[in-house]
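Colleague: I am new to this structure. Could you show it to me before we talk?

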Amino acid sequence: MLTPIAPRVAGRVEGLLSSRWLSPLNDLEAIEDLIGRFDATWSLTRIKARVVAAIHETADVRTLILRPNRLWPGHAAGQHVLVEAELDGRRVRRTFSVSSPPRADGTLSITVKRRPAGKLSVWWNERASAGDVLTLGVPAGDFVLPAQPPRQIVMLSAGSGITPVMALLRDLGERAPATRVLFVHCAHSRDDVIFRDELEQMAARRPRLDLRLHLTGTHGRLDAAALSDLARTAGRDLTFVCGPAGFMEAVRAAWREAGNEDRLVSERFGLPASIAGGDASAPQSVRAERSGISFVAGGGKPLLAEAEAASLTPAYGCRMGICHTCACRKASGIVEDLRTGHLSDEPGEIIQLCVSAARSPLTLDL
Ligand SMILES: Cc1cc2nc3c(=O)[nH]c(=O)nc-3n(C[C@H](O)[C@H](O)[C@H](O)COP(=O)(O)OP(=O)(O)OC[C@H]3O[C@@H](n4cnc5c(N)ncnc54)[C@H](O)[C@@H]3O)c2cc1C
Ligand code: FES
């Protein structure tokens with residue numbers, strides 16, 4: 001009878017493994033530390049990746065090519081990943097799209113635009129170099145092609161929003177070269193077009209790729225009429241879009257008007273402006289228990305932004321509810337999940353600060 005014995009055996013094994021007589025052989029952290037001294041990418045539990053090359057794409061965008069260890073499960077083109085780096089002794093996490101499709105040599109690329117005063121993006125562009133080691137999360141996201149790519153696809157991107165779209169385009173080139181692609185990309189000038197040389201070479205080589213670069217510095221932003229035209233051209237074709245919040249909202253409005261919103265697949269790098277900006281809800285007092293700071297959270301804005309405005313520095317990775325880096329225990333009070341409007345008042349529950357707003361006075365473990 002296996003069932004009654006198994007818990008007892010499991011209990012003994014667990015006891016043995018946690019015995020202090022075996023320490024440090026049974027201490028996972030100590031083992032991790034030890035093997036990490038031989039090679040910083042070796043790990044039993046963490047996906048570590050070494051920077052093997054860097055490419056300057058534009059004046060403020062740089063691609064790092066990474067070689068992950070054996071724990072990397074592989075990704076689908078278009079997915080994103082949480083990246084952790086140690087910067088000046090502090091761990092910083094941010095979410096980035098993988099800009100490469102799956103590659104036979106096991107490497108992957110991530111392409112990052114330098115943001116003014118940004119922590120990780122400035123390091124990425126100015127200080128990262130071959131040999132540096134980063135920790136990666138498990139790839140996630142459904143900005144991916146169907147298993148059987150359709151015969152025609154539309155892709156729209158603006159600025160650094162090109163990164164996941166480029167992964168899709170590169171993947172299609174390898175997996176489904178017969179697919180006809182209309183790709184519209186907006187950038188301020190030719191010099192700001194990320195991957196410009198590769199895109200132009202692809203367009204010259206692939207007669208089924210219709211590449212349209214829209215330079216906003218010369219022609220202004222794509223207006224509602226231009227987007228309506230595009231929506232009509234796209235018709236029922238599956239359309240992938242990624243870019244700044246305003247661009248995404250304008251594209252969505254055009255596709256909605258054309259009755260094809262259900263054919264739009266979008267990837268965001270942040271919350272929609274309508275959520276991030278808050279509303280006119282009543283201000284609430286928030287007590288951050290650990291730091292002893294109290295502040296007022298007003299207007300239905302995410303608690304993460306409100307805490308930062310009060311000089312607190314909660315950890316974050318995506319600022320849009322997908323990575324859980326900002327998870328925080330709420331001792332008491334009512335919060336609203338800004339994505340769903342769901343209110344919850346459970347004491348002691350874990351909330352995500354980046355997508356929660358105060359709907360009553362709150363006490364947080366912060
Ligand atoms: C799914 C996803 C995929 C992404 N893919 C890419 C990619 O491929 N390439 C790329 O360049 N970027 C990408 N990003 C954005 C990236 O995660 C970082 O937000 C960006 O690089 C800035 O990080 P940072 O550490 O340099 O700046 P931070 O140090 O985080 O920010 C600098 C300042 O801006 C503020 N801030 C940061 N983010 C926001 C925000 N969303 N709204 C308002 N204020 C903000 C901070 O409070 C701070 O004051 C992606 C984001 C998501 C969620
Ligand atoms: S920062 Fe990623 S879930 Fe809040």
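Predicted model: local features only at pLDDT ≥ 70, side-chain atom pairs only at ≥ 80, totals over all residues.

Colleague: Into which domains is the protein chain divided?

Modeller: The chain has domain 1 (47-136), domain 2 (152-267) and domain 3 (276-364); domain bounds come from an automatic or database domain assignment. The centres of domain 1 and domain 3, taken over C-alpha atoms, are 29 Å apart.

Colleague: Where does ligand 1 lie?

Modeller: Ligand 1 lies between domain 1 and domain 3, because both give residues to the shell around it.

Colleague: How many residues surround it, and which are the closest?

Modeller: Ligand 1 is surrounded by 24 residues, the closest being Gly118, Leu120, Ser121, Thr163 and Gly270. A residue counts as near a molecule if its C-beta atom, placed from the backbone, lies within 6 Å of it.

Colleague: A new topic: is Ser100 buried or exposed?

Modeller: Ser100 is buried, because 21 other C-beta atoms lie within 10 Å. Buried means 20 or more such atoms within 10 Å, exposed 12 or fewer, and partly exposed in between, with C-beta atoms placed from the backbone.

Colleague: How far is Ser100 from Gln79?

Modeller: Their C-alpha atoms are separated by 9.7 Å, and the two residues are 21 residues apart along the chain.

Key:
Residues numbered from 1 in each chain as written. Chains lettered and ligands numbered in written order.
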